[in-house]
Amino acid sequence: MDRGPLATRKLRHIDACLTGPVEYVGVTTGFERYELPYNALTQTSLTTIDLGTQFLGAQLRAPVLVGAMTGGAELSRTINRNLAEAAQKLGVGMMLGSQRIMLDSDEAARSFEVRELAPDVLLIGNIGLAQLSDAVIPKLAAALERVGANALAVHTNPLQEAMQDNGDTDFSGSLDRLRQLAEALPCPVMVKEVGHGIGTAAAQQLRGLPIAAVDVAGAGGTSWARVEQLVRYGEVRYPAIAEWGVPTAQALREVRQTLPDMPLVASGGIRTGMDAAKAVALGADVVALARPLLAPAIESPAAALDALEGFVEELRICLHGCGVGDLSALRRLGVTAVSQRLG
Ligand SMILES: Cc1cc2nc3c(=O)[nH]c(=O)nc-3n(C[C@H](O)[C@H](O)[C@H](O)COP(=O)(O)O)c2cc1C
């Protein structure tokens with residue numbers, strides 16, 4: 001398997017995410033400011049709660065995506081395959097990590113090969129906005145076809161790239177390239193951040209582009225400006241940059257307001273089924289979680305399944321506890337602001 005500089009960097013990212021203090025310290029997702037209205041007289045039956053939903057043309061059994069993580073190294077293959085197996089069993093979707101590495105390396109493609117383990121899963125490919133160019137588009141189309149992806153997520157990560165040794169720091173013209181890509185590809189294109197959040201300003205810039213969904217990937221979970229500093233300097237040299245971003249709950253509200261009809265993923269610090277329930281009640285179509293799945297995915301397919309299953313079960317109990325039988329009813333119910341409740 002590929003041992004070039006890109007694959008080595010991927011392994012250092014994984015190592016930092018497993019061992020380092022990579023999450024926001026002072027910034028939270030903001031979900032703690034909301035409560036689901038609990039109903040002691042629920043008239044639902046837990047086992048018949050319907051978590052099913054449509055996303056990017058696929059039917060999911062629960063509104064959950066495995067977050068984009070990795071590819072390119074032997075360990076990435078294990079991670080992707082264990083997650084894919086779990087996603088197939090649970091009927092949830094999965095995002096692959098950046099496929100940049102497989103554009104030039106046939107060998108690296110192996111680590112993204114999960115389709116035979118997950119024939120029915122909504123599989124979303126991945127590439128960085130800063131890496132788009134005319135030359136990349138045909139290679140990327142081939143890479144998506146090779147892995148059997150149903151859609152593509154394009155991640156925009158200016159803070160991450162700015163903190164990275166030799167990062168791609170020129171984002172000028174990238175919106176035009178995003179439009180060209182979305183027009184050229186036969187599959188739906190989603191735009192995501194990597195944990196610093198898409199808020200009002202970015203959502204306004206996405207207006208009118210032929211994109212199919214937005215993953216807000218807000219602040220409050222893994223901070224990629226922190227990960228890159230730890231990998232590059234062995235310390236967090238610019239703490240204010242590591243703590244910068246639009247908190248996930250706020251990002252969700254801002255993008256929902258700016259793009260009312262856009263399918264939305266809530267991610268960035270989604271850690272519990274309760275977070276997921278609040279996100280859906282605030283207008284998300286689905287949620288995604290990345291780092292919490294990393295260690296279980298390295299361990300085994302069973303550990304990955306266990307982590308995801310527990311998450312989905314908690315979400316189901318949340319709907320039951322507020323007396324709603326499905327996600328549409330949860331959205332209609334909404335959330336209560338904690339300050340409002342405490343008077
Ligand atoms: C080990 C690891 C690798 C990641 N690699 C990618 C990537 O290749 N492409 C991408 O769009 N996001 C990548 N991410 C970012 C996640 O998809 C997600 O947006 C971010 O970690 C915030 O979610 P979390 O708080 O649940 O971890 C990665 C995350 C982790 C933990």
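Predicted model: local features only at pLDDT ≥ 70, side-chain atom pairs only at ≥ 80, totals over all residues.

Colleague: How are two packed helices described, and at what angle do helix 11 and helix 13 pack?

Modeller: Helices (H or I, at least four residues) and strands (E, at least two) are DSSP runs, numbered from the N terminus. Axes are lines fitted to C-alpha atoms, for helices over the stretch in contact, and angles run from 0 to 180 degrees between N-to-C directions. Here helix 11 (residues 273-281) packs on helix 13 (residues 301-321) at about 55°, the axes being 7 Å apart. Angles under 35 degrees count as roughly parallel, over 145 as roughly antiparallel, 65 to 115 as roughly perpendicular and the rest as oblique. Helix 11 and helix 13 are therefore oblique to each other.

Colleague: What is the handedness of the crossing of helix 11 and helix 13, and which residues make the contact?

Modeller: A crossing is left-handed if the near helix is turned anticlockwise from the far one by less than a right angle, and right-handed if clockwise. The crossing of helix 11 and helix 13 is right-handed. Its contact comprises Gly273, Met274, Ala276 and Ala277 of helix 11, together with Phe311, Val312, Glu313, Glu314, Leu315, Ile317, Cys318 and Leu319 of helix 13. Two residues are in contact if their C-beta atoms, placed from the backbone, lie within 7 Å. By class, nine residues of this contact are nonpolar, one is polar and two are charged. Ala, Val, Leu, Ile, Met, Phe, Trp, Tyr, Cys and Pro count as nonpolar, Asp, Glu, Lys and Arg as charged, and the others, Gly among them, as polar.

Colleague: How does helix 2 cross helix 13?

Modeller: The axes of helix 2 (residues 74-90) and helix 13 come within 8 Å and cross at roughly 45°. That angle makes helix 2 oblique to helix 13, and the crossing is right-handed. Asn82, Leu83, Glu85, Ala86, Lys89 and Leu90 of helix 2 meet Pro301, Ala304, Leu305, Leu308, Glu309 and Val312 of helix 13. Eight residues of this contact are nonpolar, one is polar and three are charged.

Colleague: Are helix 1 and helix 8 roughly parallel or roughly perpendicular to each other?

Modeller: Helix 1 (residues 5-19) and helix 8 (residues 224-233) pack at about 110°, with axes 10 Å apart; they are therefore roughly perpendicular. Their crossing is right-handed. Arg12, His13, Ala16 and Cys17 in helix 1 meet Val227, Leu230 and Val231 in helix 8. This contact divides into five nonpolar residues, one polar and one charged.

Colleague: Which residues touch the most other members of the largest nonpolar core?

Modeller: A nonpolar core is a set of buried Ala, Val, Leu, Ile, Met, Phe, Trp, Tyr and Cys residues joined through C-beta atoms within 7 Å. A residue is buried if 20 or more other C-beta atoms lie within 10 Å of its own, exposed if 12 or fewer, and partly exposed in between; C-beta atoms are placed from the backbone. The largest core has 112 residues, of which Met94, Ile124 and Val287 touch the most other members. Helix 13 supplies the largest share of this core, seven residues. Beyond four places in sequence, valine 287 contacts Pro63, Val64, Val265, Ala266, Ser267, Ile270, Ala276 and Ala279.

Colleague: Why does isoleucine 241 count as partly exposed?

Modeller: Isoleucine 241 is in helix 9 (residues 239-242). Isoleucine 241 counts as partly exposed because it has 18 C-beta neighbours inside 10 Å. Leaving out residues up to four places away in sequence, isoleucine 241 touches Leu159, Met163 and Ala225.

Terms used
Residues numbered from 1 in each chain as written.
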